[in-house]
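I opened this entry to look up one residue and the chain contact around it. My notes are below the structure.

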Amino acid sequence: MILRLIERTGVFLVSLAVSSVLVFAFMAVLPGDPARVALGVNASDQAVAELRQQFGLDRPLPTQYFDWLGGLLHGDLGTSYVSKVAIGPQVFDRLQVTLWLVVAGMIIALVVAVPAGTLMAARHRKLSGLALSAVSQVGVAVPAFLAGILLIVVFAVKLGWLPANGWTPPAQDPGMFLKQLILPALALGLVQGAVLTRYVRSAVLDVLREDYLRTARAKGLRPFQALWRHGLRNAAVPVVTVLGLQLATLLIGAVVVERVFVIPGLGSLLLDGVSNRDLLLVQDVVMVLVLAVLLVNFIVDLLYVALDPRLRTAS
Amino acid sequence: MKRLNPSLVVGGVIVGVIVLMALISFVWTPYDATLVTPASRLLEPSWSHWFGTDKFGRDVLSQIMVGSRTTLFVGVVAVGVAAVIGVPLGILAAMVRRWPSEAIMRANDLLLAFPALLLAIMFGAVFGASTLTAMIAIGIASVPSFARVIRSGALQVMRTEYVLAARAAGRRPLPIAVRHVLPNVTSLITVQASVSFAIAVLAEAALSFLGYGTPPPTPSWGRMLQESQEFLFSAPRLAIFPGIAIAIAVLGFNLLGDGLRDRFDPKLEDRR
Amino acid sequence: MSDVLTVRGLSVTVRDTALVSDVDLTVGAGERVGLIGESGSGKSLTALSVLGLLPEDVYAGGSVRLDGVDHELIGADERRMSQVRGRDIAMVFQEPMTALNPTMRIGDQLAEAMLIHKTKPKSAARAAAAELLERVQLPTDTLRAYPHQLSGGQRQRVVLALALANDPSLLICDEPTTALDVTVQALVLDLIVRGVMDRSSALLFITHDLAVVATVCERVLVMYGGRVVESGPVVDVFTRPRHRYTEGLLAASDLDTTSRRLTTIPGNVPPAGRFPSGCVFRTRCAHATALCEESPPWSGDEAEGFACHHPAGVTDA
């Protein structure tokens, strides 16, 4: 068990190191000169040279990389070449906004998917199960940003129940915060919920066919009790894998949904960075997103071990 | 003769209709999809404009028809890129010894940390947004799932008697890969291509919506959605028509993938 | 001697195909009855119908009564059946490797069996579980183990302990040793017999292995094609078989090595629903005549008898 923990931690750290090199190489090396990119093609050579010197872009690349990495480890994400403002605090602020969306979306997805998927599995031969299946199939085909637009059309435009867009920090006005959170969180959560439902269904179907469920019923448990006490934890193992992948999808989905609902999250920061040609900002945000994805995968690995005792003994 | 399953039929029909629509759009559309006609801007659906017109007076139906070309084009190229890299990688990972195989799969896992959209935005930031960068980015992001699926299929083939016999007879790895492994994973490739196509359609729409996909004036469903945003209150239909087009296309490719999966026997050993 | 289990006219069908037809079966208190036959003869389905755990789409008809339960078991609702299962009837399945929940400790799985039926208070369940393990000769620290840490034989002993947790009046074992190594088969069989004898429970033992039936059971029923074709005390049936199928079965498993050739019953067991009308065995029987196109009547009483037009031990007419 300890061995497995060490191995997974090692994989996580190495992945993190390799992806940081990839991101750095891609963003700092490929486009050529970031200073030139930041100032535009019409900038004078002198202005470009000054900027290069100011941000240390004239140093050798390995030095620049380790400087960047060292900063990251201390929470210092550097200073924007374009706005000359420290990037760290901005990313931190925006990350909080995005996390609200992702967490709320995930909760909605789980609340939808676990009961619906279980019901679909329990009734997979009946009409109600098939109907739910069809609904989820359609749900999978709707991207989150489209769901967002449709939700705005229905709940903001036609019914006028909720605001169409905007963002208020929870500390400032909790009521408004919730009102503005509902639609984007639904847009993210319903779509992911539809995807998740299908995995929950197949996981529960697999578990229903297991011998130990028959043993549980032979003990005297009713079908639902047997599924609840003996099936759920076993079905959770494959579902947790998907959940990890889904969190990554949600994070990226949030980038687009923020655009739909005009929410100042990490996604908007990233897209603004791209349009302002602020390469260091883009590099930092991409790295934060990749870190989040890798971290989620790492946590999923640990969750496996917690859920499935078979993984605790060294294989 | 196996009974046709409903997923396969419905998915096949939807994909067929989209392909047909794209083909027809080459020779005929109700109006010129890119023709700006200020006089007929924001028209409600009518007999002359079935889906109405947008803020530039362009016919929405014509744009959706031409837009299907963009969708299919991006999908084909992205899936092609993913298959051309992912399939050999998967077969290689199944055939080589322990540590290179492990290395390939680890690199594969790492690539999973860069979802299609993120990769495409990075490409857009570095190379400038275009259909080409979008296609390649989506394609690269789809490599890991291809490699993973093909590897597990190829591993099964490698354990079959006829491959063992071929290896025992001293056949070189490359002929074995081409003559035995590849033909036996074609069904997996087909299924994965269909599923990846759906993902590519979604990613292209999202990218165009963000403005990092197909640049104007080429019609694209994602950008039609983006342009519709300012009219959500006055003309929500501008969002609904391309939105439905995207959802139906994704649904079609997903169903086709499901149907193909059910159709091909998942147990490789039983085949051939 | 009162009867624990009384099965009358049991039939099992899937869609329109009959898998088991008209089975009568009685098990007396503390009696050990064997049910033998080749795979596909309907013996497992008979057991599952008694327990009400038939797979989806498979339905049972007829009557199953259990002493001490005041309702019919066939068609009883889940609520009432779940009170019978594990308390009055318990079952040991064929495959020990998958029969236990892999994510739950053995002790919890054992304790649960008693807690469901409230036969032990929560405080005593743990100690009772330890005692159950002791009676199947497993150390007490097995309580803390997960199933994957045990061997197949150890797991089957846990399943047996589970089944015996509430001292059921009837224990059903479906090929309990088939999946085990030969070396542990004898131990598990011994534990089963001792387990039911200690509790004066009755045993319905399903197997295709004649030698096992001979060591475990007092009485035996032979099934073929979803019907009982012969029944009687083990000694009588095995030394003087009457039905031609039983005769063939005994010849095929004859351990006597004087005849070098392996005897087999000609032909194969037909797939479900493809058994002939009349005597189900007539397509594979060397003694079959035109008479066998009619169903042979049951000769003898229920405890001892057979259904054959041309029984062995009588000169052919």
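The entries go from a single residue to the interface it belongs to.

Entry one. I noted that I am working with a predicted model. I looked up C:Asn101 and found it in chain C, in the loop that runs between strand S5 (89–92) and helix H3 (106–116).

Entry two. Is C:Asn101 buried or exposed? Its relative accessible area is 2%, and the cut-off for buried is under 20%, so I wrote down C:Asn101 as buried.

I listed what C:Asn101 touches, leaving aside neighbours within four places in sequence. From chain A the list has A:Tyr212, A:Arg229, A:His230 and A:Asn234; from chain C it has C:Gln109 and C:Pro147.

I then turned to the contact between the two chains, to which chain C gives 28 residues and chain A gives 23 residues. The buried area is about 2,400 Å², with 54% of it from carbon and sulfur atoms. C:Pro102, C:Thr103 and C:Glu112 supply 22% of the area that chain C buries against chain A, more than any other three residues.

In one of them C:Glu112 pairs with A:Arg229, and their closest N and O atoms are 3.1 Å apart. A:Arg229 is also on the contact list of C:Asn101.

On the side of chain C that touches chain A, helix H2 (78–84) and H3 each supply at least two residues. H3(C) has the largest share, four residues. By type, that side divides into 12 nonpolar, nine polar and seven charged residues.

Notes:
Residues numbered from 1 in each chain as written. Chains lettered and ligands numbered in written order. Predicted model: local features only at pLDDT ≥ 70, side-chain atom pairs only at ≥ 80, totals over all residues. Heavy atoms only, no water. Buried < 20%, exposed > 50% of the residue type's maximum accessible area, 1.4 Å probe, protein only. Contact = heavy atoms within 4.5 Å. Buried area = accessible area lost by both parts, 1.4 Å probe. Salt bridge = Lys/Arg side-chain N within 4 Å of Asp/Glu carboxyl O. Nonpolar A, V, L, I, M, F, W, Y, C, P; charged D, E, K, R; others polar.
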